[in-house]
Amino acid sequence: MYEWGWRPYVSVAERRRQAASKIVKLGQKGRAVSPVVIQGRAIAKTFWGKAWCDNLERYSDFANRLPRARTYVRNGSVIDLQVAPGVVKALVSGSDIYSVAVEVAPVTKTRWKSICKDCAGAIDSLVELLQGRFSRGVMERICRQKTGLFPSPSEIKLSCSCPDWAEMCKHVAAVLYGIGARLDQQPELLFRLNQVDENELIANAGDPLPLANREMGAARVLGGSEDLSALFGLDMPRCTADNNKLSEIVAARRSKPAKAIAAKAAAPRPGRKGRRAAKKRPLVNTGEH
């Protein structure tokens, strides 16, 4: 088999060793690498990363190579992954170090305008967009097959330098999962890859909300079920009794000025009657001219 192009099996430990060696050599040449590092079993944990991986798994074209690819990406075989407009380039450690390219067709202007129109007014800020904090209707619209933001198999062109004849080899599939993991850290890369401007999704924030869920409005109100200390990085007191006591003190201090003003308004003003009498007193003729 080796004479026909197949390489002998290489253990995970050996792949990691050759990956580390390759990274050092690239660094010596001045090339910065960006390996895909997975913590735990989950490849993606955020909305954007999960949505990308779910999209991959929906298509039968990719099904036969995905299980092995998940193992590859989890054990650190994707030693470099770079996302640019329309293309992802990567290095994957297998029996050798292989170069992988994933070309993604840009989202058409018609499709992008349709997405922006349907989501108009439902996303309030860029931060909210990148955090994936919006209504279920918007999520479904963005993830919709063939008309959403994620590519179909026909919109992806794959290549790998390995001897596997299949277009979707395990190295390519590992890179596709690696993109999902990278979107966890940098969700804006999805828009770069699709060659669209994410700011256009929030440009019409004041327009009607065709896909906004009314219940989402309550969820966006800060101070409800959200952890404000975690959200803003503040060291906030969590003791309910202390918080109640503090509220009572603040309320008491606020009520003092109001009581003083009310008492002052109710009290009679001395001297007012006397001044009126003085004005009405007739002039006394002293006889002097």
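The questions and answers below walk through a predicted model of one protein chain.

Q: How many helices and how many strands does the protein chain have?
A: The model is predicted. The chain runs to 289 residues, and 35% of them count as buried. Its secondary structure comes to 12 helices and four strands.

Q: What share of the contacts with a separation of 6 or more is made by residues 24 or more positions apart?
A: The count takes in contacts in the protein chain with a separation of 6 or more. Residues 24 or more positions apart account for a share of 73%.

Q: In what order do the four strands of the open sheet lie, and in what sense do they pair?
A: The sheet is open and has four strands. From one strand to the next, the twist averages 10°. The order is 1-2-3-4, and the pairing is antiparallel.

Q: How many bridges pair strand 2 with strand 3?
A: Strand 2 covers residues 87-93 and strand 3 covers residues 97-104. A hairpin of three residues joins them. Ser 93 has Ile 97 of strand 3 as its bridge partner. The antiparallel pairing extends over seven bridges.

Q: Is strand 3 largely enclosed or largely open?
A: Burial answers this. Six of the eight residues of strand 3 are buried. The strand is therefore largely enclosed by the rest of the structure.

Q: Is Glu 103 buried, partly exposed or exposed?
A: Glu 103 is found in strand 3. Leaving aside neighbours within four places in sequence, Glu 103 is in contact with Gly 86, Val 87, Glu 155, Ile 156 and Lys 157. Gly 86 is 17 residues away in sequence but 5.7 Å away in space, C-alpha to C-alpha. Buried needs under 20% and exposed over 50%, so at 39% relative accessibility Glu 103 counts as partly exposed.

Q: At roughly what angle do the axes of helix 3 and helix 7 cross?
A: Helix 3 covers residues 66-74, and its axis comes within 8 Å of that of helix 7. Residues in the contact include Leu 66 and Tyr 72 of helix 3, and Ala 173 and Tyr 177 of helix 7. The crossing is right-handed. The angle is roughly 65°.

Q: How many disulfides does the structure hold?
A: A disulfide needs two cysteine sulfur atoms within 2.5 Å. From Cys 162, the nearest cysteine sulfur is that of Cys 160, 3.6 Å away. From Cys 169, the nearest is again that of Cys 160, 3.7 Å away. The number of disulfides is zero.

Q: What is the relative accessible area of Cys 169?
A: Cys 169 is in no disulfide. It is buried, with a relative accessible area of 1%.

Q: Is Lys 146 buried or exposed?
A: Lys 146 is found in the loop between helix 6 and strand 4. Its phi is near 70°, a positive value in a residue other than glycine. With a relative accessible area of 61%, Lys 146 is exposed.

Q: Where is Gln 195 found?
A: Phi of Gln 195 is near 60°, a positive value in a residue other than glycine. Gln 195 is partly exposed, at 45% relative accessible area. Its place is the loop between helix 8 and helix 9.

Definitions and conventions
Residues are numbered from 1 along each chain as its sequence is written. This is a predicted model: local features need pLDDT of at least 70, side-chain atom pairs count only at pLDDT 80 or more; totals for chains, interfaces and linings use all residues. Side-chain values use heavy atoms; hydrogens and water are left out. Two strands pair if DSSP finds at least two bridges between them. Helices (H or I, at least four residues) and strands (E, at least two) are DSSP runs, numbered from the N terminus. Axes are lines fitted to C-alpha atoms, for helices over the stretch in contact, and angles run from 0 to 180 degrees between N-to-C directions. Buried means under 20% relative accessible area, exposed over 50%, partly exposed in between (1.4 Å probe, protein chains only). A crossing is left-handed if the near helix is turned anticlockwise from the far one by less than a right angle, and right-handed if clockwise. Contact means heavy atoms within 4.5 Å.
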